[in-house]
Amino acid sequence: MRIPDPGTARLTALIAWLAPPADDPALAQAQLGVLAWQIPLLFIILNATALILAATHLRCAPPLLTILMPAIFCLACFMRLRYWRRLDLAAIDGPGALARMKTTTISVAILGIVFTAWSLALYPYGDAYARCHVAFYMAITVISCILCLTHLRGAALLLTAIVVLPYTIFFLSTGNLVLIAMDVNFVLVAAGLILLMLRNNNDFARRVGLQHETQRLSDENLRLAHLDGLTHLPNRRQFFAELDHVITSATTTGATFAVAIIDLDRFKSVNDTYGHAAGDRLLEQVGQRLASIASSALFIARLGGDEFGAILKTEPDEAAISAFGARVSHLLEPAFTIPAGALASIGCSIGVATYPHTAQTAADLFERADYALYDGKQHHKGQTILFSQALETRIRQSCQIEQALRHADLEAELWLAFQPIVEIETGQTIAFESLARWNSPTLGSVPPGIFIPIAEHCQLINHITEILFAKMLDAIAACPAPVRFGFNLSPHDICSRETMARLHAMIAQSGVPPWLITFEITEGALLQDFDLAAEMIEALHQIGARIALDDFGVGFSSLGYVHRLRLDKIKVDQSFVHGIERSDTAPKIIRAILDLCRHLELDCVIEGAETESELALLRGLGARFIQGFYYSRPMPFAAIAAFLAAEATPPASALATPRQRRQKMLTS
Ligand code: C2E
Ligand code: CA
Ligand code: CA
């Protein structure tokens, strides 16, 4: 390797120092930005002063110097001005800026040589004033050039050298003391200006560096402010910013798109079972899987909790939406590894709204996708639901019902109907299930299947439960026979310590023996918070009340709860009985459940028997207890006494059918 001699090394270092900053593209861009208006200024000054000098020599110097040369200067300056005006600074990167600054340095050097030669050529013409004007012209022009080239120090120094050296030699050679004094003045001012320029130059570089760093930090902050910390997907804020952006461009282009909300199913049970750290790990992996399908046509963000948002920027027809839903479900299907080597399986429900068909604003689109999701969660878990007009009507009705519930005199408008649970063999009622009824003065009679879920949604359920429970305690106390009464608890009741404490207090105050009460709970309560629900169930057992697991067989994991909880009764969902005569599987399932209950010593009530043939079939399968329209529809309390009385005096086989029972009730 050849080691350069110190002189060459120093020269190389000097040239590198004078050259534009090759290692700092941001600084080069900033310098070009300033030069973009200072260089045109320099050209205008150069040209104007040259024209004035030419004018003062018009009479005494040849036209080549006073007319032709200034005309060429004007043309050259005009072309350079055009070049700088047309420069698109935003489109020029660091290397581009460097290249332009090098060209500028060369053109400044050429200009310096041409202008110096021209002005020295003019010097011999004219009188002493005119000669002084030449000296003044050169000095003032160099000073303006240094000022305009502060951000291109190489060019400024080169130009100063090109002008000052010949100028000094020339004026020293005239022997004229005034001119020599002017030259000394000029050299001193130029040196001072150069020093100032170098200093400003360093300050400028530092300022640009600082600005750049500040910009970088603020960009990074902005990026972080729009990212979700856990999944590194865009966050809720970014989701809505993107949605606004997509809507704005769709209004001009006429494009259509869809907004989807993806909500994880069973995430809560992972969180509850394995803890929040495991829940976080799972969310991270969900984020990674969803990120893998994100593209310019599919924007995906985490909205918070276990909810993710997507914007499908392609034509949102039904095929595309169901393909999207299938893709996301498929993506989330494989089990997730969570700490301690455990595997967790979750699914997702998706609500979708389309633009512009279902809504035109970001808020409306999101709200409707959310409604669709809510509907999906309630009735079609694990599916993709597209917001529809029918859904909107249902939601409107729900809102109406919610309003009516909020303003209702619940104490007066709610009442209980009672449906008997009958032992097939004896035909005797062993219990009544209490079923809520609501007579709204504005809406009429609203079925519990409609108003109970709404009451749960708007947190009125606990209040309603307490009112109904008081009514049931009154009914038990007034019942002519000591039959048991079933009472439905919502998941929100069993998972509320306050409500359960109040129910305990009400039982104690009423004097009703707790063993007459069977609380019916559904799997929903156990999914919400298993440990709390189990604790509340145990407390009910402690006082002697009984527990039934309702709607057995339709949930996800009813069987899993049977051995984990202290239950007394299982109520098989009526969906197994409807159409049982035409079904191959339903009788087998019912038989299996009956066997299971026999082994576990649990009572088993089959719900929904409506006809004699259904009853016969169930009886054949080994069913003992039936609740269904076959025996009786739910009845008001006032009818209970007659119903029980009709049962108490059966002339043996004659009273086997419900019609005969009813006839007896009417005639007695
Ligand atoms: P559930 O607890 O499964 O109650 C049984 C439902 O099945 C009742 O509907 C009853 O009228 C109906 N049913 C009984 N036998 C037959 C039959 O043979 N055929 C047909 N088609 N239906 C039959 P209802 O009273 O409309 O109650 C619907 C649901 O509303 C209940 O289902 C329960 O989940 C809820 N619910 C009712 N009352 C209350 C309450 O006081 N509190 C709570 N939290 N939920 C209640
Ligand atoms: Ca029930
Ligand atoms: Ca049921």
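1. A donor here is an N, O or S atom within 2.8 Å of the metal (3.2 Å for Na, K and Ca), and because water is not among the atoms, sites may look incomplete. With that in hand, look at the calcium ion (ligand 2): its protein donors are Glu 433 (OE), Asn 488 (OD1), Glu 520 (OE) and Asp 550 (OD), lying 2.1 to 2.3 Å from it. Along the chain, these donors follow the spacing E-x54-N-x31-E-x29-D.

2. A word on what you are viewing. This is a predicted model, in which local features need pLDDT of at least 70 and side-chain atom pairs count only at pLDDT 80 or more, while totals for chains, interfaces and linings use all residues. Residues are numbered from 1 along each chain as its sequence is written, chains are lettered from A and ligands numbered from 1 in the order in which they are written, and side-chain values use heavy atoms, leaving out hydrogens and water.

3. Now the neighbouring ion. The calcium ion (ligand 3) is coordinated by Asp 550 (OD), Asp 551 (OD), Glu 607 (OE) and Glu 607 (OE), at 2.2 to 3.0 Å. In sequence, its donor residues are spaced D-D-x55-E. Asp 550 lies in strand β13 and Glu 607 in strand β15 (residues 603-607), so this pair ties together parts that are 57 residues apart in sequence. Strands (E, at least two residues) and helices (H or I, at least four) are DSSP runs, numbered from the N terminus.

4. Which residue links the two sites? Asp 550 bridges the calcium ion (ligand 2) and the calcium ion (ligand 3), which lie 4.1 Å apart.

5. How open are these residues to the outside? Asp 550 is buried, with a relative accessible area of 8%, and Glu 607 is buried too. Asn 488 is partly exposed, at 28%. (Buried means under 20% relative accessible area, exposed over 50%, partly exposed in between, with a 1.4 Å probe and protein chains only.)

6. Finally, find two helices. The axes of α2 (residues 25-56) and α3 (residues 63-85) come within 10 Å and cross at roughly 165°. Axes are lines fitted to C-alpha atoms, for helices over the stretch in contact, and angles run from 0 to 180 degrees between N-to-C directions. The crossing angle makes α2 roughly antiparallel to α3; angles under 35 degrees count as roughly parallel, over 145 as roughly antiparallel, 65 to 115 as roughly perpendicular and the rest as oblique.
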